[in-house]
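Reader: I am new to this structure. Could you walk me through a few of its features?

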Amino acid sequence: MNTSRQPLLSVRSLVKEYSGSTVVSDVSFELFPGELMAILGPSGCGKSTLLQMIAGLTRPESGSIIYAKTPWVDGGAFVPPEQRDCGMVFQDMALFPHLSVAGNIGFSIERSRKRQVVASMLELVGLPEVGRRMVHQLSGGQQQRVALARSLAPNPGLLLLDEPFSSLDLKLRNIMRREVRKILKRQKVTAILVTHDQSEAFAFADTVAVMFAGRFEQQADSYGIYRNPANRNIASFVGDANFLPMEQALECFGELDNMNETLKYPENTFMCRPHNLQLSEEDACATVSSCEFQGEWQHLQLDLDCGGQLDVHSRQFLEPGLRVSPTVEQGCIYSPQGELIGLFGG
């Protein structure tokens with residue numbers, strides 16, 4: 001957490017219920033000026049509801065939202081959405097089909113500034129020549145740029161993005177993610193992205209919060225979330241992972257013998273990523289059972305002599321039936337309750 005600056009947004013103990021079910025439970029976090037944050041979680045975890053509370057589109061049961069020292073939600077105080085200094089980009093973009101591109105971008109801008117602001121926004125998103133076109137005449141990526149331009153046109157202090165790339169194909173989604181991040185960083189915009197895609201969250205955000213069942217399970221930078229997931233749920237959600245009972249892991253990987261004895265407790269679980277495994281043919285103790293070509297690398301599945309299986313991402317192109325010996329470079333140790341209690345490797 002950055003202690004040298006005051007947070008732009010402070011969310012404290014936010015709770016939201018629908019029909020007696022809690023969908024957001026005691027969520028707290030801070031967001032600093034210019035920071036890009038991603039809220040990552042599976043469908044139905046409450047992440048979009050959280051975004052709607054920040055935008056003022058729904059009221060929480062309890063908790064507070066303080067923006068630039070001004071209460072948006074606090075006790076009886078509730079600032080309506082039109083008075084909040086934030087813009088929002090929706091999943092379906094919500095562009096007006098009956099308006100031109102310029103009409104969409106300048107919709108909420110006063111007449112005296114409209115032409116100048118629209119021209120500036122079109123230049124910013126790389127569409128200087130399309131102002132007179134109708135929305136249906138644009139590609140999906142162009143429509144996404146227009147939606148971003150419309151949200152940025154009033155110069156909001158905070159931008160909220162609710163799965164804005166999900167309707168695009170994979171290649172275009174990656175392109176737009178990079179372009180939007182570049183634009184927001186250039187404009188020094190503070191933003192929150194909601195997504196279920198870990199690759200999108202990791203590439204876009206400075207800080208990632210992982211959300212399950214209405215709660216923040218872990219908040220850190222992308223590297224920390226992926227490398228040191230706080231529990232087994234996060235480890236399996238944010239990337240491919242192998243989980244082995246500790247007894248089996250010790251039998252499979254001799255290098256784990258050097259770990260602290262408390263980490264070798266039989267009820268613990270060892271987790272390693274497929275790319276953290278190396279293969280040799282010496283002292284083989286596993287058999288390659290399947291191979292999937294992935295371009296630059298191969299996804300292998302190993303059947304272990306000691307029981308169980310391992311997934312391996314390897315630049316070695318091997319064939320099914322080959323006998324190999326896996327070694328692990330790094331991994332995490334989880335308690336019987338699924339909490340992170342130790343690390344192995346560099």
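Reader: How many residue pairs are in polar contact between domain 1 and domain 2?

Author: This is a predicted model, where local features need pLDDT of at least 70, side-chain atom pairs count only at pLDDT 80 or more, and totals for chains, interfaces and linings use all residues. Residues are numbered from 1 along each chain as its sequence is written, and side-chain values use heavy atoms, with hydrogens and water left out. The chain is divided into domain 1 (9–231) and domain 2 (240–344), with bounds from an automatic or database domain assignment. A polar contact is a pair of N or O atoms within 3.5 Å; within protein, one must be able to donate a hydrogen and the other to accept it, and residues adjacent in sequence count only if both atoms are side-chain atoms. With both residues at pLDDT 80 or more, the count between the domains is five.

Reader: Which residues of domain 1 lose the most area to domain 2?

Author: Buried area is the accessible area (1.4 Å probe) that two parts lose on being put together, summed over both. The two domains bury about 680 Å² between them, 46% of it on carbon and sulfur atoms. Together giving 59% of what the domain 1 side buries, the residues that lose the most are Y226, R227 and P229.

Reader: How far apart are the end C-alpha atoms of helix α3?

Author: Helices are DSSP runs (H or I, at least four residues), numbered from the N terminus. The expected span is 1.5 Å times one less than the number of residues, so the 14 residues of α3 (residues 111–124) should span 20 Å. The model agrees, as the ends are apart by 20 Å.

Terms used. Helix = DSSP H or I, 4+ residues; strand = E, 2+ residues; numbered from the N terminus.
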